[in-house]
Amino acid sequence: MKKNQLISLAIYAMRVSIYQILAIIIFTCAAFANNVGAQDFLNTPISIKADQTDIKTIIEKTEHLANVKFVYSPQLINSGRKVSINVVNQKLKYFLENSLKRYDVGYRIVKDQILLYSIPANNNLELLKAFEGIVTGKVTDSKGNPIPGFLLP
């Protein structure tokens, strides 16, 4: 009889312990939970009008307007080239995805910063898809002889 009471007491203690551990885990997770707002700044509306202005100046202006930090290598994105951008009351995301992408500059969000990088020109499939021209010429080997089977009008 005492053995049965001891076993039932042990089972009850384990059941209570499991509930306590579960409650501790839930409250600990709730205490450490943060509102993930890392991409909220992409919805910040900005207005930039720049005519033949270098990319570095445009990025500095955007940092000030959107209160964000850009990280980039000036050589990789060629920040000294002159570009024209006209963005009126658009989200920062639109500016990054459309205005900068036209100049082969991509972005990635790393913590609370925006990392800018160069998009290789040969990966720009939109330009290839939009091409509606006529290709003419002849295909030759390294010696200048025409390659059989290749005809271009």
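Reply: Helices (H or I, at least four residues) and strands (E, at least two) are DSSP runs, numbered from the N terminus. This is a predicted model, in which local features need pLDDT of at least 70 and side-chain atom pairs count only at pLDDT 80 or more, while totals for chains, interfaces and linings use all residues. Residues are numbered from 1 along each chain as its sequence is written, and side-chain values use heavy atoms, with hydrogens and water left out.

Me: Where is serine 79 placed, and is serine 79 buried or exposed?
Reply: Serine 79 lies in the loop between α3 (74-77) and β3 (82-91). Buried means under 20% relative accessible area, exposed over 50% and partly exposed in between, with a 1.4 Å probe and protein chains only. Because its relative accessibility is 6%, serine 79 counts as buried.

Me: Which residues is serine 79 in contact with, leaving aside its neighbours within four places in sequence?
Reply: Contact means heavy atoms within 4.5 Å. With those neighbours within four places left aside, the residues that serine 79 touches are Asp54, Ile55, Lys56, Tyr72 and Pro74.

Me: How many residues of α1 are buried?
Reply: Helix α1 takes in residues 2-32, and its 31 residues reach 45 Å from the first C-alpha to the last, close to the expected 45 Å. That expected span is 1.5 Å times one less than the number of residues. The helix α1 is hardly covered, and its count of buried residues is zero.

Me: What is the order of the strands in the open sheet of three strands?
Reply: Two strands pair if DSSP finds at least two bridges between them. The pairing in this open sheet is mixed, and its strand order is β2-β5-β4. The edge strands, each pairing on one side only, are β2 (69-71) and β4.

Me: Which residue takes a positive phi in the hairpin of β4 and β5?
Reply: Strands β4 (residues 105-110) and β5 (residues 113-118) pair in the antiparallel sense over six bridges, and the bridge partner of valine 110 in β5 is glutamine 113. Two residues stand between the strands of this hairpin, and the residue there with a positive phi near 55° is lysine 111.
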